[in-house]
Amino acid sequence: GTLVAGDTGPGNALLDDLMQSRAGVAMDEDGRMAAAGKVDRKALAALLAHPWFDRSFPKSLDRGAFSAAPVDGLATPDAAATLVAFTSATIAKGIVMAGGAERIVVAGGGARNATLMASLAADTRIPLESAAALDWSPDFLEAEAFAFLAVRSLRGLPLTFPGTTGVAQPLPGGVIVRP
């Protein structure tokens, strides 16, 4: 019954950066690179040791606050597998910290990464479904959310709440600039 929000970690950012720097591609297409590798438990533990993961919600942090340095010495498939395990573990931990969930609705590029989805299903033991199953766009959900917030702003309705950003009371946000 209580609204809780916050980032669970850097998501796919570290994996995407790895794929760009090592393979010259934007992402691990369908999770194939990670599926070919093995998780390095020592590197995974180093990634998960970031103190931010122990902070309670609400919380948010820029992806630049995280480093993939623990996987630097690994072969690309093993580095990718380790980063998938990291992403999955941080999402699972975030769900537990937020009080649990009955289902996980997945959107964004990670929804097409079969290796990540299998890892997330194993780590959470919570049913996963695509945002498409709810007639939401898996690819444009974030853009649609910002449009929703813009309409709330136009109507003077709150955009931020104590459980989402830690503000003392619900507050409107944004500044409308008209030409």
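**Stop 1: the largest pocket**

Begin with α6, which gives the most to the lining of the largest pocket, with six residues. Helices (H or I, at least four residues) and strands (E, at least two) are DSSP runs numbered from the N terminus. This is a predicted model, in which local features need pLDDT of at least 70, side-chain atom pairs count only at pLDDT 80 or more, and totals for chains, interfaces and linings use all residues. Residues are numbered from 1 along each chain as its sequence is written, and side-chain values use heavy atoms, with hydrogens and water left out.

Select α4, β1 (104-106), α5 (114-124) and α6 (141-154): each supplies at least two residues of the lining of the largest pocket. To find the centre of the largest pocket, show G6, D7, V105, A107 and L141, which lie nearest to it among the 44 lining residues. A pocket, on a 1 Å grid over the protein atoms alone, is an open set of points where a 1.4 Å probe fits, with protein on both sides within 12 Å along at least five of seven lines; lining residues have an atom within 4 Å of a point. The volume of the largest pocket is about 1,800 Å³; a volume is the space filled by probe spheres set on the points, which are joined across faces, edges and corners.

Colour the lining of the largest pocket by class to see 26 nonpolar, 13 polar and five charged residues. Here Ala, Val, Leu, Ile, Met, Phe, Trp, Tyr, Cys and Pro count as nonpolar, Asp, Glu, Lys and Arg as charged, and the others, Gly among them, as polar.

**Stop 2: the second largest pocket**

Which residues line the second largest pocket? Select N12, L15, D16, A26, M27, D28, D30, G109, G110, R112 and N113. The space there is about 160 Å³, and its lining divides into three nonpolar, four polar and four charged residues.

Stay on D30, in the loop between α1 and α2 (32-35). D30 is not a glycine, yet its phi is positive, about 60°.

**Stop 3: α1 against α4**

Show α1 (residues 13-23) and α4 (residues 76-97), whose axes come within 9 Å and cross at roughly 165°. That makes α1 roughly antiparallel to α4. Axes are lines fitted to C-alpha atoms, for helices over the stretch in contact, and angles run from 0 to 180 degrees between N-to-C directions. Angles under 35 degrees count as roughly parallel, over 145 as roughly antiparallel, 65 to 115 as roughly perpendicular and the rest as oblique.

The crossing of α1 past α4 is left-handed (the near helix is turned anticlockwise from the far one by less than a right angle; clockwise would be right-handed). On α1, pick L14, L15, L18 and R22; on α4, pick T76, A79, A80, L83, V84 and F86, which complete the contact (heavy atoms within 4.5 Å). By class, this contact has eight nonpolar, one polar and one charged residues.

**Stop 4: α4 against α5**

V84, A85, T87, S88, A89, I91, A92 and I95 of α4 meet T115, L116, S119, L120, D123 and T124 of α5.

**Stop 5**

Now select α3 with α4, which pack at an angle of about 40° with axes 10 Å apart. A43, L44, L47 and L48 in α3 meet T82, L83, A85, F86, A89 and T90 in α4. This contact has eight nonpolar, two polar and no charged residues.

Finish at P58, in the loop between α3 (41-48) and α4. The peptide bond from F57 to P58 is cis, with omega near 0°.
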